[in-house]
Amino acid sequence: MNSFIAFIMGPMVWISVIIFLGGLTFKLVGILGAVRQKEPYIYSYMTLKHSLRSIGAWMIPFFPRSARMSPIYYGISYLFHILLFLVPLFLASHIVLINEAFQISWPALNDSVADGLTAGVIAALIFFVVRRFRVPEVNYLTSAMDYILILVVLLPFLTGFLAYHQWVAYQWITVIHILSGELMLIIIPFSRFSHMLNAPLTRAYMGSEFGQVRQAKDW
Amino acid sequence: MKYSNRFILFLAVLFVAVMTGFYCYAGQDLERLDPWAFESPRRPGAVFSHDDHIFLADDDCSVCHHVYEDGELVSDESSDDLYCSDCHSLKPAPDNPMPLEAAYHNLCRDCHFDRGEGPVLCGECHVKE
Amino acid sequence: MKTKENPMTDTPSSVEKPTDPAIESGLERLTPDRIQQVIQDVLKKETGPRFKAYVETCMHCGLCAEACPYFLSNDRDPQFMPAAKVKNTIWEMLKKNGNVSKDFLRRAVRISHLECNVCKRCSMYCPFGIDIAYMMLLVRRICHKLEITPQYIQDTVNSHSVTLNQMWVKDDEWIDTLQWQEEDARDEFEDLEIPLDKMGADIMYSVIAPEPKFQAGLIYQAATMMHAAGINWTMPSTPGWDNSNMAMYTGDNEISGRIARAFFETAAKLRVKRIVMGECGHAFRSVYDMGNRWNSWVMPPFEVVHALAFYHELLTEGRITIKEKYKKKVTLHDPCNVSRGRGLHDKAREVVNMVCEDFVDMVPNREHNYCCGAGGGVINCGPPYKGERMVNNRVKAEQLAATGAEVLIAPCHNCHSGLEDIVHHYDLKMEIKFLGDLIYETMDKKIYTPGA
């Protein structure tokens, strides 16, 4: 068991981070290359100013009209995305492991705060599931893959939460925690999670078309 | 499967997982290290039996109570007359590259990995009180 | 026609869906192989990373629903939401690699041609800025290549193809109409001219074919404004005068490009400095945004000025003065293609306030205004679809009614016709006018002299 844990805490972390970053980089290069080859007009219309203007406008909470029309979903989704990065990156236990591996460290969240925020992430994910069932237009669009993607995010947070509290089968929960975290990283470039790369690009393009050609706002 | 059925299944699995956790939780009296040298320890002291480890180390104290000089391990010399924190300060310092917390973690965990036995995950040592 | 007793409660199912002879005969000619081959060709050769990114980035969040007047007008029926229209057309084609049935295609034509105005409002409600209108146009492109485009709009494209104008206006008919309007307008200004083919004029004025066909009075009004403002202008006598472009909306990109090219070449031939165009939205989109791209110009080779901006120029420069402001309570409809499409909404408001005394905004407005429900080629699919179009426009009717205005200004031909239908169907008791109508009505009919 220890050698298995050594593998998933060592080489497997490297493998998943390399697939995650490498996959996204590969994807970005692929997109930029394909645009150059098949749709070079896109570059003619992209401007940095309008790209940033649009992305910026959509980053301001409740600034776009769309957000104000669906404030609950948008608010929860907004916080969820922040926590998705904040909690794992500023979790004391993770920082300890990184510190021991690379001798770098940064301030950590208080454990009980992190615990509460993790519960928040889990609650947000449950809200997303409920919304997929309950809101007809969202339900209409939903496919099995949407639930699988939610599950992929839910697993590391739920097992992390359980592992912290050590309620049950600690060793197994933690092993699943590590594996599911790695799974999430690995599938990001190959699933619709790649919107972390694509969304800024599509927003930037739309922002440029609106800003440059249409001279109108797109929020 | 219909969406509503899938949802019920989802909730059921969640419920079972959480409830099992509560039932399995039981406090135990365990022999622990005393984290007195830490200013404000985030975790309870690690579960540790000194007697068991003396036996596992074949009475060779220097396996754990090591001595380093100029970054080199001095073999066959033991530091069992010192506290770990005598050498390992809380923060890295010029005369000590290895802070106390990392010293514990590396010493215990690496050995457990090397030997293929013993706890290696956070909560296996820092068992909740 | 259904009873009009309670138009607000009509549902799509209560309106009979017509069968379109062009769609039906087109479908009959198709074989499964042909369908698959055409879809694969378009998806493979005519799409790229942009389409791929749109498909694999959508998180099915449903925020686009709130944007779509079709969704809102149909009691939030999910199949009218933007992403659902994509799901029921192009996603499915992609998933099945083009192996789709005729029934599927019959539905796809309806979705892309009759249940979407390609107004792009939804791309302002999608956090990722996914361009759903682009994908609907892609579906129309596939329908075009499968030859199942609805009959009426296909006829306008046929006309474009033959005559370079949308309404089968013959060459002499066009010149006749201009001369007739010139003659009439001389009642007001005795030396008024509609200068034809005047080389090197400052401005080429261009209109859409429906103007000479049945709204010649608009040319008359424009001529009086040009004359009164002392503009050095001209109109072309040759094909290429029509700036409309229905092929742009059927996915007949080859003809669409040809129309825009002929238009720009006409302006180039006359060596004019700028192009000014009448109050039309889709025509503006064609020559300002899309037609130029089909001819490899990033931006149009000429400065293209929409009537709204031109009126603004005339009024702020004092070339036209308003004698007495218009009294009735007016509201303004922001056409997608000049507001969301060119940000002219603020200038439009300035003009309206210069011309009218009592202006009330509709809500939502500017970039967020609801489409008239006629644009994007929807009204051009013809009278057979009017009944369901009215159902699909309910939210627009409610928005109009809430203003309490007596006069609705619609500075776009498509919007004008569509809103006319809405106002009648929902019995809104509003008069619909072009902005030019009001300026013509209120302006001082004297000739501008610089410095005076």
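Modeller: Two strands are said to pair if DSSP finds at least two bridges between them. Helices (H or I, at least four residues) and strands (E, at least two) are DSSP runs, numbered from the N terminus. By these rules strand β1 (residues 203-206) of chain C runs parallel to strand β3 (residues 274-277) of chain C, and four bridges join the two. The model is predicted, with local features requiring pLDDT of at least 70 and side-chain atom pairs counted only at pLDDT 80 or more, while totals for chains, interfaces and linings use all residues. Residues are numbered from 1 along each chain as its sequence is written, and chains are lettered from A and ligands numbered from 1 in the order of writing.

I take chain C as the part to examine, beginning with the sheet that holds this pair. Within β3(C), Val276(C) is the bridge partner of Tyr205(C). The sheet is open and has four strands in the order β2-β1-β3-β4 of chain C, with parallel pairing. Its edges are β2 (233-234) and β4 (303-306) of chain C, each of which pairs on one side only. Across β3 and β4 of chain C lies helix α15 (residues 307-316) of chain C, which runs at about 85 degrees to β4(C). For such angles, axes are lines fitted to C-alpha atoms, for helices over the stretch in contact, and values run from 0 to 180 degrees between N-to-C directions.

Strand β5 (residues 326-332) of chain C pairs with strand β6 (residues 356-360) of chain C in the parallel sense over four bridges, and Thr331(C) has Val360(C) as its bridge partner in β6(C). Together with helix α16 (residues 345-355) of chain C, β5(C) and β6(C) make a right-handed β-α-β unit; right-handed says that, with the strands pointing away from the viewer, the path from the first strand over the helix to the second runs clockwise. β5(C) also pairs with strand β7 (residues 407-409) of chain C, in the parallel sense and over three bridges. There Leu332(C) stands opposite Ile409(C) of β7(C).

Val391(C) is found in helix α17 (residues 386-392) of chain C. Val391(C) counts as buried because it has 22 C-beta neighbours inside 10 Å; the limits are 20 or more for buried, 12 or fewer for exposed, and partly exposed in between, with C-beta atoms placed from the backbone. The C-alpha atom of Val391(C) is 12 Å from that of Cys372(C), 19 residues away along the chain.

Finally, the domains. Chain C is divided into domain 1 (19-149), domain 2 (154-314) and domain 3 (323-442), with bounds from an automatic or database assignment. Taken over C-alpha atoms, the centres of domain 1 and domain 3 of chain C are separated by 28 Å. Contact (C-beta atoms, placed from the backbone, within 7 Å) links 16 residues of domain 1 of chain C with 20 residues of domain 3 of chain C. On the domain 1 side, α4 (69-73) and α6 (102-114) of chain C each supply at least two residues, and α4(C) gives the largest share, four residues. By class, this side of domain 1 of chain C has eight nonpolar, four polar and four charged residues. Here Ala, Val, Leu, Ile, Met, Phe, Trp, Tyr, Cys and Pro are nonpolar, Asp, Glu, Lys and Arg charged, and the others, Gly among them, polar.

Terms used
Contact = placed C-beta atoms within 7 Å.
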